[in-house]
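Colleague: Thanks for making time for this one. Could you walk me through the fold, piece by piece?

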Amino acid sequence: MQKTILNPSATIALVHSLTNSRNPNVWVYRYSHPNGWRLSIATHAEPGSDTLSLGGFRIAPEERTSATGFDSDVEAIELAVGMEEKVHWSRIIDVAGPLARRDMSRIVGGKCVLHPTADARIGQPRDRDLLDFAIACLTDCDAAAGIRITTGQDLGHGVMSDGVTQSLDYLHRGFRGSVVADTAKPTGEGNYYVLLGMLRAFGLSPSDATVGLIGAGNIGMHLIGRLLESGTKMLAIEMRADRREQLAAQGVVARPPDDKLAFLGEPMDALVLNASGGSLCSHSVRTSSANPRLKVVCGSENLVMPYPDDTDLFRVAHKAYCPTELSGMMGYLTAVEQYLAELEGVPFDVDSLLQAARELEQPAHKATKYMLDSDFAVGFEEAVEEVCS
């Protein structure tokens, strides 16, 4: 395999928006395989710092890799920036499991993006070879860079071609920093409590509200289950036909992605985003901003908004938009909690993360209320900084 290291000046040249990010210093360790596979490890961890670099291990799905201009380095950098945002918000709000809260000062954002060939995707004949390549890369980077890569659940994983082995289990056996905790449940809980807090600021309970959802994967389905328990009316956009049928059986009207723009104009109080990326393109932001009933936008989707400045369109339209990095923080917190627990030989307690997710409701409520009281003179991020200071 061939390794290339991009320092911060090189990554800024590749992703110009880094200069406007909270922390523009990103390193990329790019590994290339003769079979055409490429693993990009992006991190805010300085070489030799022994810092925990947190972010999921993504096997980029076909809908991402087939997009015009896809580059695993760029995807990893942009996702690492989002992870750094999650770390920032968890510090501001002071939400974490007990071990992560103790070690928060040495955690930074990172991300691993693996670009496979079609015959090596999970479930295909060469998936084991692909993951062996990834394990060798992670092991080399962890040792050579002097950082502690910690990866969790992300897109592209599942049952391998042997019909038995889960890809995350296989990675974990080969590289200790790749953890296997189900991050979807804590992330879905975080989504749920952020949504509750924001709706409450508008005087709405879940049973009074209509919620539109884009994406019904593991996180989205956990959230849907919670909202069904709460008596919430829901409508959804979901790519998979079998999942749309499943939702219909649960009383949730689900439509394919081609119907998204019409869907965004339908009467709903909240919009929750948990798809694979790019749900809030500029057209979608303008369409949802013009929805007279819509009040709340949140979720945990990575790379949800290609043009971050579009956020202000929601504020101007008097919609409360919670950054998905904030309401999606529980996933990375689950991964680091399991990593630290195994490192120290103590039991990992996922229930502590489900309890921590509840702590997102109050700051979400206070920040939304602050926006309302200021007649939307400030955005959600500024409001959170104010109410949590």
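Modeller: Gladly, and a term to begin with: two strands count as paired if DSSP finds at least two bridges between them. Please keep in mind that this is a predicted model.

Colleague: Then which residue in E10 is the bridge partner of Ala236?
Modeller: Strand E9 covers residues 233-237, and E9 and E10 pair in the parallel sense over three bridges. Within that pairing, the bridge partner of Ala236 in E10 is Ala254.

Colleague: Which strands are at the edges of the open sheet?
Modeller: The sheet has six strands in the order E10-E9-E8-E11-E12-E13, with parallel pairing. An edge strand pairs on one side only, and here that holds for E10 (253-255) and E13.

Colleague: Let's turn to another set of strands. Which residue in E3 is the bridge partner of Trp27?
Modeller: Strand E2 (residues 27-32) and strand E3 run antiparallel and are joined by six bridges. They form a hairpin with five residues between them, and Gly36 in the turn has a positive phi of about 100 degrees. Across this pairing, the partner of Trp27 in E3 is Thr43.

Colleague: And in E6, what is the bridge partner of Thr43?
Modeller: E3 (residues 38-43) is mostly covered, five of its six residues being buried. E3 pairs with E6 (residues 107-115) in the antiparallel sense over six bridges. In E6, Thr43 has as its bridge partner Gly110.

Colleague: How many of the nine residues of E6 are buried?
Modeller: Look at the partners of E6 to begin with: strand E4 (residues 52-54) pairs with E6 in the parallel sense over three bridges, with Leu52 opposite Ile107. Strand E5 (residues 57-59) also runs parallel to E6 and is joined to it by three bridges, and there Ile59 stands opposite Leu114. E6 is largely enclosed by the rest of the structure, because the number of its nine residues that are buried is eight.

Colleague: What span does H16 reach from its first C-alpha to its last?
Modeller: H16 runs over residues 361-373 and has 13 residues. Its buried residues include Glu361, His365 and Met371, and what covers the buried residues includes H3, H7 and H15. After H16 comes Asp375, with a positive phi near 55 degrees. The span of H16 is close to the value expected at 1.5 Å a residue, namely 18 Å.

Colleague: One more, please: is Met268 buried or exposed?
Modeller: Met268 is in the loop between helix H10 (260-264) and strand E11 (270-273). Leaving aside neighbours within four places in sequence, its contacts include Thr210, Leu235, Phe263 and Arg293. A residue counts as buried under 20% relative accessible area; Met268 has 1%, so Met268 is buried.

Methods:
Residues numbered from 1 in each chain as written. Predicted model: local features only at pLDDT ≥ 70, side-chain atom pairs only at ≥ 80, totals over all residues. Heavy atoms only, no water. Helix = DSSP H or I, 4+ residues; strand = E, 2+ residues; numbered from the N terminus. Expected span 1.5 Å × (residues − 1). Buried < 20%, exposed > 50% of the residue type's maximum accessible area, 1.4 Å probe, protein only. Contact = heavy atoms within 4.5 Å.
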